[in-house]
Amino acid sequence: MYNSKVIGLGKYVPERVVTNEELTRYMDTSDEWIRERTGIEQRHWVAEGDGNTTAVMGAKAARQALERAGLKPSDIDFIVFATLSPEFFFPGSGVLLQELLEMPTVGALDVRNQCSGFVYATAVADQFIKTGMYKNVLVVGSEIQSTGLDVSTRGRGVSVIFGDGAGAMILTRTEEKKKGLLAHSLHSEGKYADQLTVKYPASSFPSQKYFEHLQQNPDETGHFPYMNGNFVFKNAVVRFQEAIAEVLQKAGMSKEDLDLLIPHQANLRISQFIQKMFGLKDHQVYNNIQKYGNTTAASIPIALTEAWEAGKIKENDIVVLAAFGSGFTWGANLIKW
Ligand code: UT7
């Protein structure tokens, strides 16, 4: 068995900055409410005509990661692309990325695990490397949330939270047994699928029928994200803790070994709660939700890239990525850098 380690990180966010103040023009909300409840000060949203799509943003982040890894697109053996906001119902964004990067006909797998998409994608990529099937795997998380939100008072409980962006990570094979990705935790609980969801149109309510239904029922909101915020919050704080504890235990470590926690940026209050539970200091938990909002599958690779750029990750550090979200799905990855 081989092991895999991170050799390149990249990120991209669209240029357009949407402040909390700007949102007050579209809905009954306030900068104070958003900051107090979520920690968010601004987010980046794609702009009409800026050329960004989910795969385009993923490709921008991937090019940066490739350059930093000293690799060409043709050196990549496999793509794992995590997103809940693909360009199309099908095919997924992974194949579009393969084309944009002018890569050979390597495999491209889309992961649809919402906020924990990047954690799942990382675990999947690691398995391909561990078994020896592939050497270099490109893992991408990219989201365009803004175009699917209900940007009105009706949707304010959800729409103020989400941002657009992309992050990328390149994993490569290593012979070092005690370095790189050492443990994963992956879980799901489908009984809560309807607690954080975009339901329609889909196979259970196909487009044509749904559009007819929408004409008769203009107040229908099934095509917008729905979140039972309080319930999701309560589950998140428990599941985050379990996933982090599980990867530490699997790697034979304790919370004292942890150097840096990169939580999915769902809500600053969730990150602060987890920090307190594990007795971590401020510099041991990386948060950037203030600038980007919740970018779902992109939040961890964006945060990981920023933390690395800021010199917060050193050789041999123990870094844990952890996420919870729609599904419910949750999990964590433990990396010895
Ligand atoms: O990333 C995937 C996982 N996601 C999460 O983990 C998110 C978890 N949940 C949360 O982060 C929080 O539940 C929210 C930030 C979404 C909401 O915060 P909250 O403290 O749970 O607020 P709430 O939903 O209980 O709403 C409190 C009040 C309500 O008014 P009333 O009923 O008390 O009069 C809402 O209507 O705040 C109102 N409200 C708003 N007011 C101003 C909801 N959204 C807004 C808003 N601006 N944007």
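Student: How many bridges join E11 to strand E12, and do they run parallel or antiparallel?

Tutor: First, the ground rules: this is a predicted model, where local features need pLDDT of at least 70, side-chain atom pairs count only at pLDDT 80 or more, and totals for chains, interfaces and linings use all residues. Residues are numbered from 1 along each chain as its sequence is written, and side-chain values use heavy atoms, with hydrogens and water left out. Strands (E, at least two residues) and helices (H or I, at least four) are DSSP runs numbered from the N terminus, and two strands pair if DSSP finds at least two bridges between them. E11 and E12 (residues 318-325) are joined by four bridges, and the strands run parallel.

Student: Which strands stand at the edges of the sheet?

Tutor: The open sheet has four strands in the order E8-E13-E12-E11, with mixed pairing. Two of these strands have a single partner strand each, so one side of each is left without a neighbour in the sheet. They are E8 and E11 (260-263).

Student: Is serine 185 buried or exposed?

Tutor: Serine 185 lies in strand E8 (residues 180-188). Buried means under 20% relative accessible area, exposed over 50%, and partly exposed in between (1.4 Å probe, protein chains only). At 0% relative accessibility, serine 185 is buried.

Student: Which side chain makes a polar contact with that of serine 185?

Tutor: A polar contact is a pair of N or O atoms within 3.5 Å; within protein, one must be able to donate a hydrogen and the other to accept it, and residues adjacent in sequence count only if both atoms are side-chain atoms. For serine 185 the contact is 3.4 Å, and the partner is glutamate 246.

Student: What is the N to O distance in the salt bridge of glutamate 246 and lysine 250?

Tutor: A salt bridge is a side-chain nitrogen of Lys or Arg within 4 Å of a carboxyl oxygen of Asp or Glu. Glutamate 246 and lysine 250 are four residues apart in helix H8 (residues 229-250), so about one helical turn separates them. Their side chains meet at 3.1 Å.

Student: How many residues apart in sequence are the parts that arginine 68 and glutamate 309 tie together?

Tutor: These two form a salt bridge, with the closest N and O atoms 2.8 Å apart. Arginine 68 lies in helix H3 (residues 54-69) and glutamate 309 in helix H11, so the parts tied together are 241 residues apart.
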